[in-house]
Every structure is written in C-alpha cells, then in structure tokens.
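This briefing goes through a surface patch, some charged pairs and a pocket. Keep the structure in view while reading.

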Amino acid sequence: MNAKLRRTSTEDVVLVLVLAGALVQSFGGNAAAQSNSEGTLQGTWRVQINPVICQTGAPLPSFSALVSYARGGTLTEVINSQAFLPGQVTPGLGVWSHTQANAYKAVWEVFILFDTPPTVPGFPFKRGVQRLMRDIEVHGDQMTFNGSSQFFDTNGNVLAVTCASGTGTRFEDLGDED
C-alpha cells in the first residue's frame, strides 16, 4: 500500500507541474510587448506628450509617460510631468478600443489629490479629476496621437481644457538577460 500511495503522489506532482507549466506558458507568452508589424496597440509604450492651449495653440511644457494597453481594453498610465507636484496625481486608469485598421481610441482618468499651493508657479491645478481622450495610430513599434484633457473640480465643473499631440515607441521585450 505504501508503494501505491507513493506512486499516486508522484503522478499527482507530475500532473500539477505539467498543468502549472502550461498555465505559465499561456500567460507568459502574451505578457511581454513584442515587436509587432501588424500595428496592434497592446503592450507598453514610452510616449512624449506635447500639450497646447486648445484655443490659441500656445505650447505648454512637454513631458513623457509610460502607458500600458492591456488585452481586453484596459490601460494604465504613469506620467513624468513637472506641471504636477510630487504625489499630486494618481496613475491614470481607463479603457481603449480598436476603431479601424491601425487606429484606436482611448479614454482614462487621473485623480488630482490636492490643489496646487498659490506660492507654486505654473498652472494652479485644483483637486478633482483629469479626463484624457486620445485618437491613436500605430505603425509597427511607433505611434502618433492627438487628444485632449478636461480638468474637473470635485463637483464635476469643467475648469480647463487642453489639447495635445505626441509620439510613442513600443517598450521592447528585453528577453532573457542573465
């Protein structure tokens, strides 16, 4: 009986390892962004944003961001903008969808957690929400986009609107580096 129990346990362990390997392979193969000549948006992108005042076209300071477009249509964005104080905004969360050919649309929101103090130079952000919208075109590992941002106070009133254009480069899979 002891030999039968040991054989069953060994078979169970082998079965669990095979299933775990299949599970890791099915998820792991799709998790990394890879070079893609088909123009898919899915993956993580390094982007450069060039905002302007919509009405006048006057440029605002450019900044960079990382944006991840996940399978299923969700996105996460982290920005590197000197316009906001450290800890003033949350990462952006939202959705994206394919519209046609190599074109996509995305919308997401960022919480502005506190007002910019009056002693700080620059745009006086108010506590509330920033809603961003982009029209994106992908060509292999490069993207271009145009979009706008709306800034809302905590009551949902629009405080400001900006426009932006920009470019992006797919964050490449580095493979197995030891």
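On the surface, Phe111, Leu113 and Phe114 make up a nonpolar patch with about 280 Å² of accessible area together. The model is predicted. Further points follow by topic.

**Surface patch**
- Leucine 113 sits in the loop between strand E5 (103–112) and E6.
- Leucine 113 counts as partly exposed because its relative accessibility is 41%.

**Salt bridges**
- Side chains of opposite charge can pair when their charged atoms come close.
- The whole structure contains four salt bridges.
- One of them joins glutamate 77 and arginine 134, with the closest N and O atoms 3.7 Å apart. Glutamate 77 is in strand E3 and arginine 134 in strand E6, so this pair ties together parts 57 residues apart in sequence.
- Glutamate 77 is buried at 4% relative accessibility, and arginine 134 is buried at 7%.
- Arginine 131 and glutamate 109 also form a salt bridge, at 2.7 Å from N to O. Arginine 131 belongs to strand E6 and glutamate 109 to strand E5, 22 residues apart.
- Arginine 131 is partly exposed at 29%, as is glutamate 109 at 31%.

**Largest pocket**
- The largest pocket holds about 820 Å³ of space.
- Its lining has 41 residues, and Phe63, Ser81, Ala83, Phe84 and Phe125 lie nearest the centre.
- Elements giving two or more residues to this lining include strand E1 (43–53), strand E3 (74–80) and strand E8 (158–170).
- E8 gives the largest share, five residues.
- By class, the lining has 26 nonpolar, 13 polar and two charged residues.

Terms used: Residues are numbered from 1 along each chain as its sequence is written. This is a predicted model: local features need pLDDT of at least 70, side-chain atom pairs count only at pLDDT 80 or more; totals for chains, interfaces and linings use all residues. Side-chain values use heavy atoms; hydrogens and water are left out. On a 1 Å grid over the protein atoms alone, a cavity is a set of points where a 1.4 Å probe fits but cannot get out, and a pocket is an open set with protein on both sides within 12 Å along at least five of seven lines; lining residues have an atom within 4 Å of a point. Grid points are joined across faces, edges and corners, and a volume is the space filled by probe spheres set on the points. Helices (H or I, at least four residues) and strands (E, at least two) are DSSP runs, numbered from the N terminus. Ala, Val, Leu, Ile, Met, Phe, Trp, Tyr, Cys and Pro count as nonpolar, Asp, Glu, Lys and Arg as charged, and the others, Gly among them, as polar. Patches are made of residues with over 30% relative accessible area and no salt bridge: like charges are joined within 9 Å, nonpolar side chains (Val, Leu, Ile, Met, Phe, Trp, Tyr) within 5 Å. Accessible areas come from the Shrake-Rupley method with a 1.4 Å probe; for residues, only the protein chains shown count as cover. A salt bridge is a side-chain nitrogen of Lys or Arg within 4 Å of a carboxyl oxygen of Asp or Glu. Buried means under 20% relative accessible area, exposed over 50%, partly exposed in between (1.4 Å probe, protein chains only).
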